[in-house]
Amino acid sequence: MTGVSVPAYDSRPPIDTSVAHNARVWDYWLGGTDNFAVDRQVGDRVRRLFPVIGEVARASRQFLLRAVRFLAGEAGIDQFLDLGSGLPAANNTHQVARAIAPGSRVVYVDNDPLVLAHARALLAEGPRKATDYLDADVRDPDAVLAAAARTLDFTRPVAVMMLGVLNFVTDAAQADAIVRRLVDAVPAGSYLALTHPTTELGGESNAEAMTFWNRNADPPIRTRTGAELAGFLAGLDVMEPGLVSCSRWRAGSGEDGRLPDPVPQYGAVARKP
């Protein structure tokens, strides 16, 4: 495979199939097959506690598609740093971006062994040296940025994608510091895209579901309010329609003229002035 940095097979860490893991459970909710019995058991229990989780997963995926299309098209971005990318599904960031801007460069970041195991096949696509996968943790943004600089030119605008990742940084000060470090590292004209679960927007039952999750799965997770998420966007120009349910961010109306139903997951895209 060309243009992809992944460890050799023998250096991959073992996959722990005794504890449910977010990337695999999320794959299960999306109808994928890259999951184990423990993931399905925990996923089913969460779904009983929080019945809309399937709609949240699908709405989050659709948000990614709309956000990348906006960034690669209207915003003219051709560099993407996708943090917490998770297991591959249809229409990944590099595929969506290159359908609009063929020369787009994309760096994926995750630290799940199963995601790493899929990196070779997924990232074999595309131009040489235009796609990379980093086995790294968002909690170490300096290491992420240093490695991503092999593929991305940080003197030019970059879209920093943080979709469903800050909810795994449970400390508020640490989460804010991570966002500030990443935004500081990219030039004016760059963008930050984020999604995050909440107990707002009709998501009150999410609290019980997350309590169960934190006792039975990895990594631990938390919700945040819209006001807390607005803090991550401070100093940035938030694109219309603002910080909203991710299902409604630049979504078209249906035949009845109505927007999709809101899901308890915020989404926003903001530009660094």
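Student: To start, what does the secondary structure of the protein come to?

Tutor: The protein has nine helices and ten strands, where helices (H or I, at least four residues) and strands (E, at least two) are DSSP runs numbered from the N terminus. Bear in mind that this is a predicted model, in which local features need pLDDT of at least 70 and side-chain atom pairs count only at pLDDT 80 or more, while totals for chains, interfaces and linings use all residues. Residues are numbered from 1 along each chain as its sequence is written, and side-chain values use heavy atoms, with hydrogens and water left out.

Student: What does the pLDDT average, and which stretch falls below 50?

Tutor: The average pLDDT, the predictor's confidence in each residue on a scale from 0 to 100, is 88 for the protein, and 87% of the residues score at least 70. Residues 1–11 have a pLDDT below 50, although this stretch has 28 contacts in the model beyond near neighbours in sequence; contact means heavy atoms within 4.5 Å. Where pLDDT is low, the predicted coordinates should not be read in detail.

Student: How much of the protein is buried?

Tutor: Of the 273 residues, 51% are buried, with buried meaning under 20% relative accessible area, exposed over 50%, and partly exposed in between (1.4 Å probe, protein chains only).

Student: And which residues have the most contacts inside the largest nonpolar core?

Tutor: They are Leu71, Phe80, Met161 and Val269, in a core of 46 residues. A nonpolar core here is a set of buried Ala, Val, Leu, Ile, Met, Phe, Trp, Tyr and Cys residues joined through side-chain atoms within 4.5 Å. Elements giving two or more residues to this core include α1 (22–29), α3 (53–72), α4 (93–100) and β5 (159–163), and the largest share, twelve residues, comes from α3. There is also a second, separate core of 34 residues, with Val144, Phe154, Met162 and Ile178 among its members.

Student: How do α3 and α4 cross, then?

Tutor: Their axes come within 9 Å and cross at roughly 40°; axes are lines fitted to C-alpha atoms, for helices over the stretch in contact, and angles run from 0 to 180 degrees between N-to-C directions. The crossing of α3 and α4 is right-handed, the term for a near helix turned clockwise from the far one by less than a right angle, with anticlockwise being left-handed.

Student: Which residues meet there?

Tutor: Leu64, Leu65, Val68, Arg69 and Ala72 from α3 meet Thr93, Val96, Ala97 and Ile100 from α4.

Student: You listed α1 too; why is α1 largely enclosed by the rest of the structure?

Tutor: Seven of its eight residues are buried, so α1 is largely enclosed. The buried ones are Asn22, Ala23, Arg24, Val25, Asp27, Tyr28 and Trp29. After α1 comes Gly31, which has a positive phi near 90°.

Student: Last one: where is Leu134, and what is it in contact with?

Tutor: Leu134 is in strand β4 (residues 131–135) and is buried, with a relative accessible area of 4%. Leaving aside neighbours within four places in sequence, its contacts include Val107, Tyr108, Val109 and Asp110, as well as Val144. The C-alpha atoms of Leu134 and Asp110 are separated by 6.5 Å, although these two residues are 24 residues apart along the chain.
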